[in-house]
Amino acid sequence: MPVKACPLIPTLDKIGLSRDDYLKFKQEAVKGTPLEDGKNTCFGSLAWCCKISSPCMFRNMTLEKKGLSAREYMRCKHRLAEKIMHRIFDEGESADESS
Ligand code: SF4
């Protein structure tokens with residue numbers, strides 16, 4: 001989980017999702033996908049890594065080792081983003097309606 005005060009933190013507070021829940025959700029969401037790996041990256045998983053337009057040799061070495069192209073990496077990130085949006089907007093709304 002990012003530790004510095006990035007814009008994500010106030011956003012999580014605003015939508016009422018705890019950091020721990022977000023962490024667990026994201027770890028679960030990348031299970032079995034190429035983003036699960038990345039022990040040599042900042043946070044131990046490609047799930048937390050920057051987009052491909054930000055230069056990074058650690059992420060790129062991991063992608064190379066996995067045989068994952070930059071395009072496929074960004075596709076995986078896009079799919080992860082869709083899961084997160086679904087969790088926040090669709091499941092979040094149905095949880096609000098049922099309470
Ligand atoms: S892309 Fe590089 S700088 Fe960004 S989180 Fe991953 S390892 Fe760290």
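Student: What counts as a contact here?
Tutor: Two residues are in contact when heavy atoms lie within 4.5 Å. The model is predicted. Among contacts in the protein with a separation of 6 or more, residues 24 or more positions apart account for a share of 42%.

Student: How many helices and strands does the protein have?
Tutor: Read along the sequence, the pattern is α-α-α-α. The count is four helices and zero strands.

Student: What percentage of the residues count as buried?
Tutor: Buried means under 20% relative accessible area. The protein has 99 residues. The share that counts as buried is 26%.

Student: Where does the ligand sit, and what volume does that pocket have?
Tutor: The ligand sits in the largest pocket. The volume of this pocket is about 540 Å³.

Student: Which residues that line the largest pocket are the closest to its centre?
Tutor: The lining is made up of 21 residues. By class, 16 are nonpolar, one is polar and four are charged. The closest to the centre are K26, A47, W48, C49 and K77.

Student: Which element gives the largest share of the lining of the largest pocket?
Tutor: The elements that give two or more residues to this lining are α2 (19–29), α3 (57–66) and α4 (70–98). The largest share is five residues. That share comes from α4.

Student: Which residues are around the ligand?
Tutor: The shell around the ligand divides into five nonpolar, one polar and one charged residue. Arg counts as charged, and R59 is in the list. Trp and Cys count as nonpolar.

Student: Is K26 buried or exposed?
Tutor: K26 has its place in helix α2. Its relative accessible area is 10%, and the cut-off for buried is under 20%. Therefore K26 is buried.

Student: Which residues is K26 in contact with, leaving aside its neighbours within four places in sequence?
Tutor: K26 and L80 are 54 residues apart along the chain. Their C-alpha atoms are separated by 8.1 Å. L80 is one of the contacts of K26. The set is A47, W48, L80 and I84.

Student: Why does R87 count as partly exposed?
Tutor: R87 has its place in helix α4. Partly exposed lies between the limits of under 20% for buried and over 50% for exposed. R87 counts as partly exposed because its relative accessibility is 25%.

Student: What distance separates the C-alpha atoms of R87 and Y22?
Tutor: Along the chain, R87 and Y22 are 65 residues apart.

Student: What is the relative accessible area of K66?
Tutor: K66 has its place in helix α3. This residue is partly exposed. Its relative accessible area is 33%.

Student: Which residues does K66 contact, leaving aside its neighbours within four places in sequence?
Tutor: K66 and G38 are 28 residues apart along the chain. Their C-alpha atoms are separated by 9.5 Å. The contacts of K66, with those neighbours left aside, are P34, D37 and L46.

Definitions and conventions: Residues are numbered from 1 along each chain as its sequence is written. This is a predicted model: local features need pLDDT of at least 70, side-chain atom pairs count only at pLDDT 80 or more; totals for chains, interfaces and linings use all residues. Side-chain values use heavy atoms; hydrogens and water are left out. A residue is near a molecule or strand if one of its heavy atoms lies within 4 Å of it. On a 1 Å grid over the protein atoms alone, a cavity is a set of points where a 1.4 Å probe fits but cannot get out, and a pocket is an open set with protein on both sides within 12 Å along at least five of seven lines; lining residues have an atom within 4 Å of a point. A molecule sits in a cavity or pocket if more than half of its atoms lie within 2 Å of its grid points. Grid points are joined across faces, edges and corners, and a volume is the space filled by probe spheres set on the points. Buried means under 20% relative accessible area, exposed over 50%, partly exposed in between (1.4 Å probe, protein chains only).
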